[in-house]
Amino acid sequence: MPHASAPLLPLARRCIAAGALLMLLGVMLGAFGAHALQGQLSAKQLTSYQTGVQYQLLHALGLLLLGVVVQLAGERPRLRWVARLLLAGIVLF
């Protein structure tokens, strides 16, 4: 008989949800840049745009992984700060 998995902790659920949504947004922005902005921006501007999208995707992946860590290790103040800093990195960049 299969075991029921434990419900996600609130912070883990928020990190995973935010990471998934931000990855979706990153893919959409990347596709938009590759198709719609290619003729509108200079090569240097397009490279800068692509770098921003890559950083967003990496931060979003970090949030997903953080959600897994939180679920395994439990909610801790330091992990909450890591989530805040990852979100701040996305917003500020």
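1. In this predicted model, Leu 21 is found in helix H1, a helix that spans residues 10-35. At a relative accessibility of 58%, Leu 21 counts as exposed, because the cut-off for that class is over 50%. The C-alpha atom of Leu 21 is separated by 23 Å from that of Thr 47, a residue 26 positions away along the chain.

2. Two packed helices are described by the angle between their axes and the distance between the axes. For H1 and H3, the axes come within 11 Å and cross at roughly 20°. H1 is therefore roughly parallel to H3, since angles under 35 degrees are counted in that class. As to handedness, the crossing of H1 and H3 is left-handed.

3. On the H1 side, the contact is made by Leu 11, Arg 14, Cys 15 and Leu 22, while H3 contributes Leu 79, Arg 80, Ala 83, Leu 87 and Ile 90. Sorted by class, the residues of this contact comprise 7 nonpolar and 2 charged ones, with no polar residue among them.

4. Ala 88 is found in helix H3, which covers residues 77-92. With a relative accessible area of 30%, Ala 88 is partly exposed, because that value lies in between the limits of 20% for buried and 50% for exposed residues. The C-alpha atoms of Ala 88 and His 59 are separated by 9.6 Å, the two residues being 29 residues apart along the chain.

Methods. Residues are numbered from 1 along each chain as its sequence is written. This is a predicted model: local features need pLDDT of at least 70, side-chain atom pairs count only at pLDDT 80 or more; totals for chains, interfaces and linings use all residues. Side-chain values use heavy atoms; hydrogens and water are left out. Helices (H or I, at least four residues) and strands (E, at least two) are DSSP runs, numbered from the N terminus. Buried means under 20% relative accessible area, exposed over 50%, partly exposed in between (1.4 Å probe, protein chains only). Axes are lines fitted to C-alpha atoms, for helices over the stretch in contact, and angles run from 0 to 180 degrees between N-to-C directions. Angles under 35 degrees count as roughly parallel, over 145 as roughly antiparallel, 65 to 115 as roughly perpendicular and the rest as oblique. A crossing is left-handed if the near helix is turned anticlockwise from the far one by less than a right angle, and right-handed if clockwise. Contact means heavy atoms within 4.5 Å. Ala, Val, Leu, Ile, Met, Phe, Trp, Tyr, Cys and Pro count as nonpolar, Asp, Glu, Lys and Arg as charged, and the others, Gly among them, as polar.
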